[in-house]
Amino acid sequence: MGKGGVNVFSRLSGALLRAFLVVLLLATPSVLLPGVGADGQQMVALAALFGGVLTLVEYNATYPGLVEFRDAPPFNRLRFALLLVMVLTLTLMQREASDPSALTALSAQAAAAVGTAMDFAYSPVRLATLMLSDRATPEQAAVLRNAAGIAYLIATAAVAMFVAVIRLNRWPSRNVAFNVWVNLPTFEATAGGDVVQRLLRDARFNVALGFLLPFLIPMAVKVGTSGLDPLTLASPQTLVWVTVAWAFLPASLLMRGVGMARIAEMIREKRRMGEAIGTPTLAATV
């Protein structure tokens, strides 16, 4: 087998592993939590299959598609770890009510401690509880508060970890050229205008939106629907995914913004080096 065949096999095996992990992640709440009917299991299986196939296609393809920073680890690995820890923690917290164990008790107690500590005026956790309608009981509000608190803490820790990786000058890797076209397929580097300024503009927008979303989502839900019906969140699986969406999307946008700012900085540095030695610099590869 030649070098090209080895690369193809390596890429396929990596894509299959990633697809399996995505399927496992999406199926975790339905496997560990009670009260999932036949229709719910079919929907979960369909969603897990779709996520697995999408991951397989994206990571097995030679050319870019939708997944950003595909060849710039550990960006997507960190995002997956964030999602996995968040889903697993919230699932174990919810499992405490039906099948208690030492692990579920630890998750529930940690969530209660974090939720109580982060429940202060104008905090994202306090605003998250406002998504519930006025018919919600204090117990239902406490469950949502605890879930939001632990999810927000995990998301904040993941963003801080990514910033630390960048500060340590370990992202993206200096050993491999960073291809803007492959790693940012939705960003058109040749659309016109200075690529550095457009990257910085998009980075600022993503950081600002990621910071504001935990505050804006509860307000939008409250204004648009008069609050979530407590019966909607009575299903443990629904509570897990609603809370994960509320915490993961802002964290993902923050990481994307920080990453784009880092790429803009690298392009700017390479331009300065090129000017110093009198050679042109391509913005597509840094």
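**Figure 1. Span of helix H2.** The expected span of a helix is 1.5 Å times one less than its number of residues. Helix H2 covers residues 38-60, so its 23 residues should span 33 Å. Its end C-alpha atoms lie 32 Å apart, which agrees. Seven names mark the buried side of the story: Val44, Ala48, Gly51, Gly52, Thr55, Glu58 and Tyr59 are the buried residues of H2. The model shown here and in every view below is predicted.

**Figure 2. The protein chain as a whole.** The chain holds 9 helices and 0 strands. Along the sequence the pattern reads α-α-α-α-α-α-α-α-α. The C-alpha trace spans about 70 × 50 × 35 Å along its principal axes. Of the 286 residues, 41% are buried. Among contacts between residues at least 6 apart in sequence, 77% join residues at least 24 apart.

**Figure 3. Helix H3 against helix H9.** H3 takes in residues 75-95, and H9 takes in residues 236-277. The two pack at an angle of about 155°, with axes 10 Å apart. Angles over 145 degrees count as roughly antiparallel, and H3 and H9 are therefore roughly antiparallel to each other. The crossing of H3 past H9 is right-handed. From H3, the contact draws on Phe75, Leu78, Arg79, Leu82, Leu83, Met86, Val87, Leu90, Thr91 and Gln94. Their partners in H9 are Pro236, Leu239, Val240, Trp241, Thr243, Val244, Ala247, Phe248, Ala251, Ser252, Met255 and Arg256. By class, the contact of H3 with H9 counts 16 nonpolar, 4 polar and 2 charged residues.

**Figure 4. Helix H3 against helix H6.** The axes of H3 and H6 come within 10 Å and cross at roughly 160°. That makes H3 roughly antiparallel to H6. The crossing is right-handed. H3 contributes Phe75, Leu78, Leu82, Val85, Met86, Thr89, Leu90, Met93 and Gln94. H6 contributes Val143, Asn146, Ala147, Ile150, Ala151, Ile154, Ala155, Ala158, Met161 and Phe162. This contact of H3 with H6 has 16 nonpolar and 3 polar residues, with no charged ones.

**Figure 5. Helix H4 across helix H6.** H4 (residues 102-117) packs on H6 (residues 138-167) at an angle of about 90°, with the axes 7 Å apart. H4 is thus roughly perpendicular to H6. On the H4 side are Ala110, Ala111, Ala112, Val114, Gly115 and Thr116. On the H6 side are Arg145, Asn146, Gly149, Ile150 and Leu153. The residues of this contact divide into 6 nonpolar, 4 polar and 1 charged.

**Figure 6. Helices H4 and H6, end to end.** H4 buries Thr104, Ala105, Ser107, Ala108, Ala111, Val114 and Gly115. These buried residues pack against H3, helix H5 (124-129) and H6. H6 has 30 residues and reaches 43 Å from its first C-alpha to its last, close to the expected 44 Å. Asn169 follows H6 and has a positive phi, near 60°.

Figure 7. Most residues other than glycine have a negative phi, and most peptide bonds are trans. The bond joining Pro73 and Pro74 is cis, with omega about 10°. Pro74 sits in the loop between H2 and H3. The bond from Trp171 to Pro172 is also cis, with omega near -15°. Pro172 belongs to the loop between H6 and helix H7 (180-183). Phe69 is not a glycine, yet its phi is positive, about 55°. Phe69 is found in the loop between H2 and H3. At 1% relative accessibility, Phe69 counts as buried. Tyr122, also not a glycine, has a positive phi of about 70°. Tyr122 lies in the loop between H4 and H5. With a relative accessible area of 72%, Tyr122 is exposed.

**Figure 8. Val223 and Met131.** Val223 is part of helix H8 (residues 195-225). Its relative accessibility is 73%, so Val223 counts as exposed. Val223 and Met131 are 92 residues apart along the chain, and their C-alpha atoms are separated by 9.3 Å.

How values were computed:
Residues are numbered from 1 along each chain as its sequence is written. This is a predicted model: local features need pLDDT of at least 70, side-chain atom pairs count only at pLDDT 80 or more; totals for chains, interfaces and linings use all residues. Side-chain values use heavy atoms; hydrogens and water are left out. Axes are lines fitted to C-alpha atoms, for helices over the stretch in contact, and angles run from 0 to 180 degrees between N-to-C directions. Helices (H or I, at least four residues) and strands (E, at least two) are DSSP runs, numbered from the N terminus. Angles under 35 degrees count as roughly parallel, over 145 as roughly antiparallel, 65 to 115 as roughly perpendicular and the rest as oblique. A crossing is left-handed if the near helix is turned anticlockwise from the far one by less than a right angle, and right-handed if clockwise. Contact means heavy atoms within 4.5 Å. Ala, Val, Leu, Ile, Met, Phe, Trp, Tyr, Cys and Pro count as nonpolar, Asp, Glu, Lys and Arg as charged, and the others, Gly among them, as polar. Buried means under 20% relative accessible area, exposed over 50%, partly exposed in between (1.4 Å probe, protein chains only).
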